[in-house]
Amino acid sequence: MKSEVKLIDNDGKRLDGRKPDELRKIKIEAGVLHRADGSCYLEWGGNKILAAVYGPREAIPRHTQDPLKAIVNARYNMAAFSVEDRKRPGPDRRSREISKVISEALEKIVLTEKFPRATIDVNIEVLDAEAGTRCAGLTAAGVALADAGIPMKDIPVACAAGKIEGQIVLDLGKEEDNLGDADLPVAIAPRNGEILLLQMDGHLTLEEFDRTLDMAINGCHIVSDLQKKAIMEKYQSVLEVE
Amino acid sequence: MTVVPSIKRDYLSKLAKQGKRADGRKFDEFRKIEVETGVVSKAEGSARVKIGNTQVLVGIKMDVGEPYPDSPESGVLTTAAELIPLASPDFEAGPPREDAIELARVVDRGVRESEVVELEKLCLEPGEKVWIIFIDIHILDHDGNLFDAASLATLAALFTAKVPAERFELGEDYPLPLQEPPVSCTSVKFNGVVVLDPSLDEEEIAEVRLTVATDKKGDIRAMQKGLNGSFTKEEIKKIIKASIDNGREIREMLYKSIGK
Amino acid sequence: MPEEKREIVIPSQFLGDARKDKAGRGTFIENGKIYSERLGILSKKSEYINVVPLKGRYDPIEEDFVIGIVEEALASSWLVDINAPYPALLHVNEVPWDVEFGDTEKYLNHGDSIMAKVLQVDVSKKLQITLNDRNLYKIKGGHIIYVEPSKVPRIIGRKGSMISLLKKYTRCRIFVGQNGRIWIDGDDEGIARVLYAIRKIEDEALSFGLTNRMETFLKKDAKDVR
């Protein structure tokens with residue numbers, strides 16, 4: 001179905017006024033919950049995400065325990081009121097798939113061998129959704145893990161890029177996600193650029209894929225700086241008393 | 001489940017017998033309450049309430065659908081609660097357990113029985129089409145007294161909600177038709193001492209719990225007893241009085257936060 | 001006293017070259033470079049680069065003194081919660097009482113608190129604790145609170161300086177478990193003041209001059225009460 005909406009004009013300006021390589025506005029806050037071992041509240045465009053980490057703690061039931069390392073158990077969930085048409089509470093197939101790919105991404109950088117038979121539970125709640133929730137969720141999870149004092153090789157971060165009306169752009173917004181030609185969410189370990197999560201849907205030539213991947217990875221690095229700033233802000237303030 | 005050391009139980013009871021609570025509050029005193037509305041843009045109405053460290057987020061979504069067969073000219077109201085694993089090390093992922101169901105039903109009764117939402121004004125076509133209101137309670141941080149935080153957040157969300165008529169091409173958006181709100185206050189008893197707005201520590205050793213919803217006139221609109229202990233008639237009367245007094249103050253705070 | 005520079009580091013932060021410095025606690029080496037593995041405070045001691053954790057669950061080490069809460073009495077042992085990712089096992093051979101098989105409930109039950117020592121942590125983190133020591137016993141009376149395990153060194157203070165202050169000005173008995181659980185016993189006034197002081201130390205743990213400030217505060221607080 002051909003849409004009437006023009007996603008990007010001749011000057012490269014997108015529907016929300018952004019340039020092709022511009023991120024939506026991001027706000028990150030670490031350590032926002034009282035009970036959780038680590039937590040993070042993140043706003044990314046219209047997305048509002050709350051992530052909380054509990055662990056390492058004993059993995060129950062016993063048969064799920066791995067005698068050599070900890071299990072990283074990420075659970076991505078969308079609140080019923082987070083989308084335009086109310087979503088029935090509970091995990092659906094999409095949430096379970098996203099939970100799985102996020103768990104796998106996190107497992108790679110958490111030093112799991114330090115906690116055999118334990119589990120590290122990562123809860124990602126989408127409170128307000130606007131395209132790119134899995135990237136926002138994983139990014140929030142990275143901050144929550146650091147805030148919980150979990151030993152890691154790196155702080156994972158995610159960002160997506162895609163193609164709209166033939167142009168490669170960074171961080172697809174809602175209409176761009178619905179009407180665009182391709183979407184490529186990527187998560188990396190920023191220190192050495194290892195790719196932890198990669199999914200693609202749409203249509204890209206090999207050359208377009210290269211450019212899109214590069215753009216997404218650049219976006220990841222920008223967001224990574226914001227994660228680190230948020231963590232330092234939270235703990236720096238404790239250094240200065242008097 | 002985390003084990004509560006008997007020493008802590010004894011210490012809290014000892015303090016209580018001397019008229020003190022661990023956090024210094026009076027027996028009929030609430031913790032600091034904060035109300036923030038309009039926090040979820042996709043929801044028709046939303047509110048985040050903090051009571052002490054307890055945090056609850058409520059979102060209101062609306063849809064058009066069929067009425068219940070026994071009330072063909074009335075809008076539909078349905079309440080659900082999720083004790084998401086985010087909020088406490090003791091909450092597990094999975095279908096709602098009895099606590100979540102009880103919470104949803106108690107909040108629902110408080111809203112429904114007080115008729116705070118004028119459901120008869122939400123009928124579009126008698127017997128065919130009415131507005132359906134979904135109240136979704138999302139617990140974010142559990143530090144005791146989820147009932148009152150959830151009830152207050154529900155009211156704040158309802159009072160700032162807009163019926164999404166435009167989206168359904170039924171005219172302009174307008175606020176929900178509402179009446180005076182009931183306010184819920186919860187108390188627990190442990191070792192013969194009754195306290196209002198239990199903290200998590202106090203809830204962990206509570207033997208019995210009573211939630212009382214009162215209206216502007218000081219009349220009782222809903223009550224729920226929980227846990228397997230018991231109350232004397234005197235204790236219940238005292239709880240009702242504390243609920244009416246605190247209910248008044250909380251109602252003022254609610255009006256202020258919704259800009260009334 | 002050496003000038004303490006408190007630098008906060010985060011996971012993946014580059015700390016030094018493995019050829020010049022030695023990688024200590026809380027760090028890992030990759031391609032000859034030393035990185036922090038967690039959120040913590042950088043601490044350089046005799047060529048070792050360490051990261052002292054700022055947050056995190058208790059990680060049991062043999063010989064640690066801990067406060068445990070009994071979860072379950074089994075036939076010839078007890079399962080004890082010591083605030084680690086795993087419950088600890090206390091065997092009947094490791095208590096000062098002569099316990100008959102099946103009689104464990106007579107001595108320790110669900111909810112009882114004990115001052116114990118970590119006896120053994122094996123390779124898969126199976127934990128054993130012991131009560132066989134003059135200083136270890138079942139706790140009676142008082143109050144138990146919880147602090148972040150990473151704050152415990154601050155509450156104890158260098159060579160016990162902070163905890164001595166607390167005991168002196170409140171006349172309370174205080175036992176600080178490495179696992180973040182603290183037991184306090186004394187009169188109600190004293191316990192309340194210790195609680196307040198500990199929360200203050202928790203909040204200001206990273207700041208400088210805390211010990212002196214706490215001494216001033218406790219002195220004044222003690223005077224006001226009398």
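## Strand pairing in chain C

Two strands count as paired if DSSP finds at least two bridges between them. In this predicted model, strand β3 of chain C and strand β7 (residues 48–53) of chain C meet that condition, pairing in the parallel sense over 2 bridges. One of the residue pairs involved is K22(C), whose bridge partner in β7(C) is Y48(C).

These two strands belong to an open sheet of 4 strands in chain C, with the order β1-β6-β7-β3 and mixed pairing. The edges are taken by β1 (8–9) and β3 (22–23) of chain C; each has a single partner strand, so one side of each is left without a neighbour in the sheet. As background, the strands of a sheet pair through backbone hydrogen bonds, either parallel or antiparallel.

Strand β15 (residues 173–176) of chain C is joined by 4 bridges to strand β16 (residues 181–185) of chain C, and the two run antiparallel. Within this pairing, R173(C) has D185(C) as its bridge partner in β16(C). The two strands form a hairpin with 4 residues between them, and G180(C) in the turn has a positive phi of about 90°. The faces of β15(C) can be told apart: I174(C) and V176(C) make up the covered face, while R173(C) and F175(C) lie on the uncovered one.

Strand β16 of chain C contains I182(C). Is this residue buried or exposed? A residue is buried if 20 or more other C-beta atoms lie within 10 Å of its own; I182(C) has 22 within 10 Å and is therefore buried. Beyond its close neighbours in sequence, I182(C) touches I144(C), I145(C), V147(C), I174(C), V176(C), G177(C) and I198(C). Of these contacts, I145(C) is 37 residues away from I182(C) in sequence, yet the two are 5.4 Å apart in space, C-alpha to C-alpha.

## A helix and a hairpin in chain A

Helix α2 (residues 133–147) of chain A has 15 residues and reaches 21 Å from its first C-alpha to its last, close to the 21 Å expected at 1.5 Å a residue. In α2(A), 15 of the 15 residues are buried, so the helix is largely enclosed by the rest of the structure. Just after α2(A), G149(A) takes a positive phi of about 75°.

Chain A also has an antiparallel pair, in which 4 bridges join strand β6 (residues 157–164) to strand β7 (residues 167–170). The bridge partner of A161(A) in β7(A) is L170(A). This pair forms a hairpin with 2 residues between the strands, and E165(A) in the turn has a positive phi of about 50°.

## Two packed helices in chain B

Helix α3 (residues 146–159) and helix α5 (residues 233–257) of chain B pack at an angle of about 35°, with their axes 10 Å apart. Their crossing is right-handed. From α3(B), L152(B), L155(B) and A156(B) meet I250(B), L254(B) and S257(B) of α5(B). By class, this contact has 5 nonpolar, 1 polar and no charged residues.

## Contacts between chains

Chain B places 28 residues in contact with 26 residues of chain A. On the side of chain B that touches chain A, β3 (54–65), β4 (76–82) and β6 (129–141) each supply at least two residues. That side of chain B divides into 14 nonpolar, 7 polar and 7 charged residues.

The contact between chains C and A takes 22 residues from chain C and 30 residues from chain A. On the chain C side, the residues divide into 11 nonpolar, 4 polar and 7 charged.

Key. Residues numbered from 1 in each chain as written. Chains lettered and ligands numbered in written order. Predicted model: local features only at pLDDT ≥ 70, side-chain atom pairs only at ≥ 80, totals over all residues. Contact = placed C-beta atoms within 7 Å. Nonpolar A, V, L, I, M, F, W, Y, C, P; charged D, E, K, R; others polar. Expected span 1.5 Å × (residues − 1). Buried ≥ 20, exposed ≤ 12 C-beta atoms within 10 Å, placed from the backbone. Axes fitted to C-alpha atoms, helices over the stretch in contact; angles between N-to-C directions. Left-handed = near helix turned anticlockwise from the far one by under 90°. Lists of a residue's contacts leave out its neighbours within four places in sequence.
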